[in-house]
Amino acid sequence: MHSRYILVVILILSYSVGFSQRRSYKPPKKDFLGSFDDSQWWIGLHGGINVAKALPLKSYAIVEPITGGFVANKDYEGFRRIGVQAGARLDFNFHTNFSTSFQPTYTNMNYGYKVNYQWTGQDNNTLDLQYNHRLTLNYLEMPLMFRFDILRQQLKPYVQGGIGYGLLLKADKYIEIESRDAASGATNPIQNDSPIIGAKNLFINSQFMWYVGGGFSYDAGNLRLGAELNYKQGLNNITNRQNRYSDQRMIGMLDALDDMTLQNITMEFYCVFPMKFLQTSSFRRVKP
Amino acid sequence: MNKFWINILLLSSLLLYACDISKNKEVKPEEVFVKIYENNQFDRSFTPLDIKQTPDGGYLILGEYTGSAFSPYPAVYLMKTQADGRFEWEYLAQDNYVTPISELLPTADGSSYEFFCSAQTDSLKPVRLSAVQTPEQLAKYNIIRTLTANKLADGNYGFVAYSQNSQYTTVAKGNASGGVLNSKQYYNQDNTFIEERIDRHLRRIRTPLPMLMGSRGGNDLFFTAFRLSNITVMSDDLSANGSEPKGIINGNSYDAAISAMVNISGNTFAMARYNADGENVFITRAEVAPNGTYTNTSFKGNILPELSKFARVIIKKATIAQRNVLLYFTDTKNGQMVLFIYDETTGALIKTRYFGSSNTFQAGNLTLTLDGGLAVVGKTYVAGRFGRICLFKLTAKELEALVKP
């Protein structure tokens, strides 16, 4: 597993070193990317926040109703819980209005669902329990975006889309149980927390996603600042089907994960620097 | 530009290496599942005692439930599930049939199952019922307050009973139609403590007494009886003369006992016992001669302090991945069910597997399944308080992994 991360780091560094060499102006030399003047590389950092939601594909349950019982369905939350993401980005502006962007990102996503249970008995004995399940997934994402600048000016609105691969680094599960326990004499809801459960085995490592979004960039001299809003949708089931019932603590908490994909809305800011200059003495950058 | 393409190649290789999506194949729902059967009623508690797989791939679970209005004893409960664990039907005895006293036994033609329970309105005499949605009474036997029953190697049925205030353990053999073929009584010399213990056993107020009944070759049976204020295991031929058993394993009080015993071959048995302090000992190979006299503590084995005190232990012989093994199934002090797998030949432990966590889980029983997997039934306390039946199904692959050293 570590070898994968090392490979990724080497790859990113090799790109960075290869394209961060400043050079003085030379006569245009055509290659498959065009001449030197036709394109610009940008490198920088980005970060922001996101909200996530799970989209269940197929439902699974541990609690099975017998005569008189009821089905306890999972009630998935909307885009409610906030996560964060940060990473590097390497943009290649290969045409006046078109760019590609590779953005290795550490993404933290949070989402959840609720399940309600109710028991009734004689002498007004009742117990209502609400299990609030919250999942935190941390991915190393490697999206490749294609961007179109709508206007060519200092403040550029743009739209973009792309595909990406995510490698799961860490997954945790939290369960908060809210009870209305009239049988024990409670008149108000009581909240209990369970320990954090390491849940990485419950998910597979890989996730492919597609992206769509847009934003604005602002050229401040040789610095480009930007803000963008993206929607991201997983393309595959992330639940590990072989391990669905492997965690005994989850069974005690009456939970088996559904097959699911993730949906995510990200809002982020970035700052990138050009890599190609026409004159290094004046830092006059190439403007394709 | 060669470097560019090399990097692209490296990146692609990395993605392919990391990608486990193609391996994440759909698992058939009947291959692996966990179910907890819930009826949302506050006042009912269910305890499973045995599980068998039916020809349609589903599971038949025999158990008992408390909270019935008609009896101080737990009433008979039967449940049938589909192959993937989904609930199919249940039977809750509403009168008379209480306290199951046997496992699910195959019928004479092997097509279905039957079991024994006690007739509450008739001195707790044993009745044999068909294990179907509406059980039919197949036979009743005139043996008062029967504590256990089992099918014997010759197709007849063996019973152990203790009539109230009689001071005698009665052991009998009956035929399929309800006739008692022969019986024998063994004197206990105690009429005080044993009555309380048996009453608590029948009402499940304390851990049930470990009542055994089985064949050990020829006409000899082995069974649990009460003698000199001890829980003993006797070996005897009921047709032989005399009031003394041929062989005996003496206990040292009503608190120490042989809790499970399965014949491996000849005089070799797999056993479990608990001491007077409730701690458990597994003896995976014990030599018990039919006419020998022993005490519980004659049999040395592995002391397992993690197990529940006075634990109910299930021992089954099995062949898994061409390996003959012994399955010891019980529960732990921290509320998990646990399966110990021992090599039948050497008696060495191969692996353990735990079931359940967070809420308490108690062992019910287990059975090998038609697909080479394992089904394990137990009792769990949902939300820490509601006694419910839970069913775990392991795949053949998971089970085979458990017998590999």
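**Strand pairing and chain contact in a predicted model**

Visitor: In which sense do strand β20 (residues 268-274) and strand β21 (residues 280-287) of chain B pair, and over how many bridges?

Guide: They pair in the antiparallel sense, over 6 bridges. Two strands count as paired if DSSP finds at least two bridges between them. Strands (E, at least two residues) and helices (H or I, at least four) are DSSP runs, numbered from the N terminus. This is a predicted model, in which local features need pLDDT of at least 70 and side-chain atom pairs count only at pLDDT 80 or more, while totals for chains, interfaces and linings use all residues. Residues are numbered from 1 along each chain as its sequence is written, and chains are lettered from A and ligands numbered from 1 in the order in which they are written.

Visitor: Is β21(B) largely enclosed or open?

Guide: Burial is a neighbour count: a residue is buried if 20 or more other C-beta atoms lie within 10 Å of its own, exposed if 12 or fewer, and partly exposed in between, with C-beta atoms placed from the backbone. In β21(B), 6 of the 8 residues are buried, so the strand is largely enclosed by the rest of the structure.

Visitor: Which strand does β21(B) join through 3 bridges?

Guide: β23(B), which runs antiparallel to β21(B). Phe282(B) has Asn302(B) as its bridge partner in β23(B).

Visitor: In what order do the 4 strands of this open sheet lie?

Guide: The order is β19-β20-β21-β23 in chain B, with antiparallel pairing. The edges are β19 (257-265) and β23 (302-304), each with a single partner strand, so one side of each has no neighbour in the sheet. Neighbouring strands are turned by 20 degrees against each other on average, direction ignored. For such angles, axes are lines fitted to C-alpha atoms (for helices over the stretch in contact), and values run from 0 to 180 degrees between N-to-C directions.

Visitor: What is the order of the open sheet that includes β24 of chain B?

Guide: That sheet has 4 strands in the order β24-β25-β26-β27, and its pairing is antiparallel. At its edges stand β24 (314-320) and β27 (349-355) of chain B; each has a single partner strand, so one side of each is left without a neighbour in the sheet. Its twist averages 25 degrees from one strand to the next. Inside it, β25 (residues 323-331) and β26 (residues 337-343) of chain B pair over 7 bridges, and Leu326(B) has Tyr342(B) as its bridge partner in β26(B).

Visitor: How many bridges join β28(B) and β29(B)?

Guide: There are 7 between β28(B) and β29 (residues 374-382) of chain B, in the antiparallel sense. Asn365(B) has Val377(B) as its bridge partner in β29(B). The two strands form a hairpin with 5 residues between them, where Gly372(B) in the turn has a positive phi of about 85 degrees. In β28 (residues 361-368) of chain B, 6 of the 8 residues are buried, so this strand is largely enclosed by the rest of the structure.

Visitor: How many helices and strands does chain B have?

Guide: Chain B comes to 3 helices and 30 strands. Its radius of gyration is 23 Å, close to the 22 Å that the globule rule gives for 405 residues, so chain B is as compact as a globular protein of that length. The radius is taken over C-alpha atoms, and the rule is 2.2 Å times the number of residues to the power 0.38. Along its principal axes the C-alpha trace spans about 100 × 45 × 40 Å. Of the 405 residues, 43% count as buried.

Visitor: How many residues of chain A are in contact with chain B?

Guide: Contact requires C-beta atoms, placed from the backbone, within 7 Å. By that count 45 residues of chain A touch 40 residues of chain B. α1(A) gives the most to the side of chain A that touches chain B, with 7 residues. Across strands, β2(A) and β1 (residues 33-38) of chain B pair in the parallel sense over 3 bridges, and Glu64(A) has Tyr37(B) as its bridge partner.

Methods: Two residues are in contact if their C-beta atoms, placed from the backbone, lie within 7 Å.
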